[in-house]
Amino acid sequence: MLELLRRLWEVENLSPHGICLLWRPELIWTHVVSDSLIAFAYFSIPVGLAYFVSHRRDVVFGWIFWSFAVFITACGATHLMAIWTLWVPDYGLEAAVKLLTGMASIGTAVALWVLMPKALTLPSPTQLRQANEALEARIRERDAALAALEAANAERQRAEEALRQSQKMEAIGQLTGGVAHDFNNLLNVVLLNLDRVERGLPAESPLRKRLGDAMKGAERAATMTHKLLAFARRQPLSPVSTDVNAQIASFAEFLRGTIGSRIRIETDLAPDLPRVNIDPNQLENAILNLAVNARDAMPEGGTLTLATRLLPGGEGLTVEVSDTGSGMTPEVEARAFEPFFTTKPLGQGTGLGLSQVFGFAQQSGGNATFVRGDRPGTTVRLSFPAQGSATNRPAPTRPVPVVEPGVPPPLLPPVVVAG
C-alpha cells in the first residue's frame, strides 16, 4: 500500500502535459484561459450558495446546498490542476483531486435522488399562488360572515332595545292613564265644589279672589291631566272627517302670530290627500306643541316647515313638522315622548307636550316618529290612516265616572325612522 502511494507521487519519469501539445503557445494558453475561467466560475458558485443558505435558514434541505458547494469547489480544483500539469507532471496530486471530486459528486448525486420524492412534494409557485388565492377567498368569506354576525347582533340589540322601550312606554302609559284618570275625577269634584262655594259667596266677599286663584290652579291641573290622558290614549276625542291640508293652511296663520316674527313658517302640502278621521282641535294642539318646541330650539330664528305627504299605497297621510334648530341627540330622541321628560331648565317645561302629541297620534290610529335626515334640526312625523281604513277603528269604551274611550291595545314605543 505504501509502495503504491509512493509510486503515485513519483514524477521523475513523467512529462508535463505541455509536451503533448508540443509547447505550442496557442494551445497552451487556450487551455490556461479556458480552465481559469471555468475554475473561477466553479469557485464563485459555492460562494453564492453559501451566502444564500446563511441568509435563508428557513430553506428546506439546506444541507444539500452545502454538499453541492463542496462538489462544485472540487470541480474547480480539477481545472486548476489541469493548468498546473501543463508544466509540472503532478499527476498523482491531480488524481487525488479527481478522486475527491468523484466522491463528492457521488455523495451529492445519491443525496439528490434520495431527496427527490420529498422535493417533488414541495409546492410550486403556481400551487402557492393558488393556495394564497384560496386562503384569501376563505378570509373574505370569514370577514363577510363576521360582518353578517355583527349586523345580526346589532339588529338583535336594536330589537331588544325596542322591546324594552315598548314595555317601558306601555308601563308608563298604564300608570299615567290610571293616575290621571283618578286625579281628573278628584279635580272634577274639587272644581264642582269650588264653583258651588263661589256661587254662595256675596259679590263683595274678600274670599272670592282666593277662591278664583284656587279654581285657576285646579283648572291648570285639569289641563295637565288631559295631557297625561292623551299620552295614555284615554282622552276623549271628537274625530270627524278632516281635510288636513285645509286645516294646516288655516292654522299656519295663527302660528305666525304665536311663535314670533323671527321664525319663518313654510308649508309644503301634497295635493290630493285623502280625508282622515281625527279630532281637528287635537291636531292643531299637537302642531302647536311641536311649533313651540321648534321655536325654543331656534332662539336666533330659523324656519319652521309644515308638510304633508301621502303614505305609500294611499292608505293614509303624514304630517311633518320640521325646524332648523340644534336638533336632538339619539339619547334624547329615545325618551322625548315620555311624559315629564324634558331638556329645558327647571320650571320652563312640564315634559308633557311631546307625550300628548304621541298619545293623540296613537289614539287616532296612527303614530308619531322622529325622522333622521341629512338636514339640520328636528323633524317629527305624525301618520294617520285614511278615512275608512281598517286600521282606523275606534277603541272600545267602558262605563267610567268620566266619559272616555276604553283602554287601547298595548302602547307602541316611539320609533325613529330614516327620512
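**Close-up views of helix packing and selected residues**

**View 1. Helix α9 passes helix α11 in a left-handed crossing.** A crossing counts as left-handed when the near helix is turned anticlockwise from the far one by less than a right angle, and as right-handed when clockwise. The model is predicted, with local features requiring pLDDT of at least 70 and side-chain atom pairs counted only at pLDDT 80 or more, while totals for chains, interfaces and linings use all residues. Residues are numbered from 1 along each chain as its sequence is written, and side-chain values use heavy atoms, with hydrogens and water left out. Helices (DSSP runs of H or I, at least four residues) and strands (runs of E, at least two) are numbered from the N terminus. Helix α9 spans residues 280-297 and helix α11 residues 353-363; the two pack at an angle of about 145°, and their axes are 9 Å apart. Axes are lines fitted to C-alpha atoms, for helices over the stretch in contact, and angles between N-to-C directions run from 0 to 180 degrees. On the α9 side, the contact (heavy atoms within 4.5 Å) involves Gln 282, Leu 283, Asn 285, Ala 286, Asn 289, Leu 290 and Asn 293. On the α11 side are Gly 353, Leu 354, Gln 356, Val 357 and Phe 360. Sorted by class, this contact of α9 with α11 holds six nonpolar, six polar and no charged residues. Ala, Val, Leu, Ile, Met, Phe, Trp, Tyr, Cys and Pro count as nonpolar, Asp, Glu, Lys and Arg as charged, and the others, Gly among them, as polar.

**View 2. Helices α4 and α5 pack at an angle of about 155°.** Helix α4 covers residues 62-84, helix α5 covers residues 91-121, and their axes lie 9 Å apart. The two helices are therefore roughly antiparallel to each other (over 145 degrees; under 35 is roughly parallel, 65 to 115 roughly perpendicular and the rest oblique). Their crossing is left-handed. From α4, the contact takes in Trp 63, Ile 64, Ser 67, Phe 68, Val 70, Phe 71, Ala 74, Cys 75, Ala 77, Thr 78, Met 81 and Ala 82. From α5 come Leu 93, Glu 94, Val 97, Lys 98, Thr 101, Ala 104, Ser 105, Thr 108, Ala 111, Leu 112 and Leu 115. The residues of this contact of α4 with α5 comprise 16 nonpolar, five polar and two charged.

**View 3. Thr 108 is a residue of helix α5.** Thr 108 has a relative accessible area of 8% and is buried (under 20%; exposed is over 50% and partly exposed in between, with a 1.4 Å probe and protein chains only). Setting aside residues up to four places away in sequence, Thr 108 touches Ile 64, Ser 67, Phe 68 and Phe 71. A polar atom of the Thr 108 side chain lies 2.8 Å from the backbone oxygen of Ala 104.

**View 4. Asn 245 and Ala 249 both belong to helix α8.** Helix α8 runs over residues 244-258. Asn 245 is buried at a relative accessible area of 15%, whereas Ala 249 is partly exposed at 39%. The side chains of Asn 245 and Thr 308 are joined by a polar contact of 2.9 Å. Such a contact is a pair of N or O atoms within 3.5 Å; within protein, one must be able to donate a hydrogen and the other to accept it, and residues adjacent in sequence count only if both atoms are side-chain atoms. Neighbours within four places in sequence aside, Asn 245 contacts Leu 269, Ala 270, Leu 273 and Thr 308. Ala 249 and Leu 306 are 57 residues apart in sequence, with a C-alpha to C-alpha distance of 9.1 Å.

**View 5. Leu 237 sits in the loop between α7 (207-231) and β1 (240-242).** Its relative accessible area of 22% makes Leu 237 partly exposed. Apart from neighbours within four places in sequence, Leu 237 is in contact with Asp 279, Gln 282, Gln 363 and Ser 364. The C-alpha atoms of Leu 237 and Asn 281 are separated by 9.2 Å, at 44 residues apart along the chain.

**View 6. Leu 22 has a positive phi, near 55°, in a residue other than glycine.** Leu 22 is located in the loop between α2 (17-20) and α3 (25-55). With 64% relative accessibility, Leu 22 is exposed.

**View 7. Asp 272 has a positive phi of about 55° and is not a glycine.** The loop that holds Asp 272 lies between β2 (263-269) and β3 (276-278). Asp 272 is exposed, at 74% relative accessibility.
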